[in-house]
Amino acid sequence: MLTHTVEEGPLLNRFRRLWDEIAPIGRDARSGGYLRYALTEPELRLREWFRTRADERGMPVTEDGNGNLFAWWGDPDAGDAVLTGSHFDSVPHGGAYDGPLGIVSAWLAVDELRAAGVTPSRPLVVAAFVEEEGARFGVPCLGSRLLTGQIDVERAGALRDAAGVSFAEALGARPAGGVPVLLGRFGAFVELHVEQGRALVEQDAPVAVATAIWPHGRWRFDVTGEGNHAGTTRMADRRDPMLTYAFTVLAANKEARLRDAHATVGRVAVEPNATNAIPSRVTGWLDARAAEPETLTGLVEAVRTKAVERARRDGTEITLTEESATPLVAFDNGLTDRLARLLDASVLPTGAGHDAGVLAAHVPTAMLFVRNPTGVSHSPAESADDVDCAAGVIALARVLEELACR
């Protein structure tokens with residue numbers, strides 16, 4: 001049984017040693033952020049690191065054919081396994097903790113259980129999911145969506161990155177898609193994650209339990225016009241898609257604020273992308289989130305309506321295409337309440353998507369958050385104190401003991 005506190009053991013040193021092993025991998029010297037895109041060299045190195053850590057612990061690793069890795073403590077065929085872990089991939093120039101903290105903490109939680117002489121009564125599994133951020137192939141939580149059958153195999157395999165490489169090519173095979181036998185082996189999932197906000201700072205607490213994930217999605221808007229010379233085309237004669245694009249960004253900001261929702265346009269592609277040329281095409285991506293599904297739907301439709309109206313005035317054409325959508329995810333109430341009581345922790349909702357949100361439709365799922373002093377995420381400013389990280393490990397170990405060892 002786990003009884004010690006963080007200060008009573010060498011956990012802080014073990015955390016720092018394990019964390020330092022992965023900290024340099026994929027880090028950009030200029031920004032200080034990470035370029036760990038799915039199935040690229042830095043992420044592949046981290047996947048090998050994952051296998052090495054599993055081998056050290058005598059935990060055989062299986063892969064589901066979709067790029068997801070699973071390290072098993074116990075019989076993979078026994079069923080009703082408790083799953084934990086997260087992902088390695090990052091957004092462009094992202095922070096160090098988003099994803100990897102959940103995997104490092106999982107290994108250390110296993111070590112804590114073993115050091116305490118605890119033996120699981122049901123299999124315990126550490127996972128590394130592929131392409132959670134969607135930064136390379138455009139669909140977030142791609143690995144967990146494939147595992148659970150929430151995305152078509154043909155569509156997933158055909159997704160391409162900016163260089164034209166398909167997900168199937170990067171994977172080295174056609175994705176396997178939903179694997180009922182494998183998914184049926186899991187009886188619960190707990191994902192530890194750095195908090196992507198400042199609620200725990202305000203509460204002066206190192207750890208909390210998640211209650212729900214806001215509904216959210218990504219929409220691509222393609223604006224086409226007429227490419228022309230910047231110096232010889234009269235303003236009255238222009239059909240400039242950049243104007244429509246700019247208006248759409250401002251409309252998204254306004255409509256989100258009116259609804260107490262979130263709207264972000266953080267990615268854009270312009271053709272021909274020349275300083276002295278009126279664009280012929282502008283493509284932007286809208287990330288929209290809200291506390292309620294109806295609010296999200298209203299937000300996107302309002303942006304669509306205003307964008308179409310503006311395109312008519314600009315002499316351009318615009319289309320909005322849904323690339324991914326995740327409904328409101330309420331984590332298992334019984335499990336959430338049980339873990340909150342176990343840890344004497346507060347509960348928090350989140351506006352960020354996670355693999356836990358995908359698996360929640362199939363197995364009882366919960367999340368633990370670790371305090372982030374800056375409240376910043378998807379940025380090099382994302383951070384967590386080693387003491388809080390160690391507290392997160394202890395919390396996760398207690399949760400795994402409660403779920404898998406009793």
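Is Trp19 buried or exposed? Trp19 is buried, because its relative accessible area is 4%, and buried means under 20% relative accessible area, with exposed being over 50% and partly exposed in between (1.4 Å probe, protein chains only).

Before going further, a word on the model: it is predicted, so local features need pLDDT of at least 70 and side-chain atom pairs count only at pLDDT 80 or more, while totals for chains, interfaces and linings use all residues. Residues are numbered from 1 along each chain as its sequence is written, and side-chain values use heavy atoms, with hydrogens and water left out.

**Around Trp19 and its helix**

Trp19 is part of helix α1. Helices here are DSSP runs (H or I, at least four residues), strands are runs of E (at least two), and both are numbered from the N terminus. Leaving aside neighbours within four places in sequence, Trp19 is in contact with Ala96, Tyr97, Pro100, Leu101 and Val104, where contact means heavy atoms within 4.5 Å. Trp19 and Asp98 are 79 residues apart in sequence, and their C-alpha atoms are 13 Å apart in space.

Two packed helices are described by the angle between their axes and the distance between the axes. Helix α1 (residues 11-22) packs with helix α2 (residues 41-56) at an angle of about 145 degrees, and their axes are 10 Å apart. The axes are lines fitted to C-alpha atoms, for helices over the stretch in contact, and angles run from 0 to 180 degrees between N-to-C directions. On the α1 side you'll find Leu18, Glu21 and Ile22, which meet Leu46, Trp49 and Arg53 in α2. By class, that contact has 4 nonpolar, no polar and 2 charged residues. For these classes, Ala, Val, Leu, Ile, Met, Phe, Trp, Tyr, Cys and Pro count as nonpolar, Asp, Glu, Lys and Arg as charged, and the others, Gly among them, as polar.

**The cores**

A nonpolar core is a set of buried Ala, Val, Leu, Ile, Met, Phe, Trp, Tyr and Cys residues joined through side-chain atoms within 4.5 Å. The largest one has 61 residues, and Phe50, Leu101, Trp107 and Leu368 have the most contacts inside it. Helix α13 (residues 386-404) gives the most to this core, with 12 residues. Apart from it lies another core, of 25 residues, including Phe70, Leu183, Leu200 and Met367.

What does Phe50 touch, not counting residues up to four places away in sequence? Its partners are Val61, Leu69, Ala71, Phe88, Ile103, Trp107, Val126, Ala127 and Ala128.

**The pockets**

Rolling a probe the size of a water molecule over the atoms shows where empty space is left. On a 1 Å grid over the protein atoms alone, a pocket is an open set of points where a 1.4 Å probe fits, with protein on both sides within 12 Å along at least five of seven lines; lining residues have an atom within 4 Å of a point. Grid points are joined across faces, edges and corners, and a volume is the space filled by probe spheres set on the points.

| Pocket | Volume | Lining residues | Lining by class |
|---|---|---|---|
| Largest | about 1200 Å³ | 45 residues | 15 nonpolar, 18 polar, 12 charged |

In the largest pocket, Val91, Arg218, Asp287, Arg289 and His378 lie nearest the centre.

Most residues other than glycine have a negative phi, and most peptide bonds are trans. Asp80, in the loop between β2 (69-73) and β3 (81-87), has a positive phi near 60 degrees. Asp80 counts as partly exposed because its relative accessibility is 42%. Asp204 has a positive phi too, near 55 degrees, and lies in the loop between α8 (199-203) and β6 (207-213). With 63% relative accessibility, Asp204 counts as exposed.

Finally, the peptide bond from Glu271 to Pro272 is cis, with omega near 5 degrees. Pro272 is in the loop between β9 and β10.
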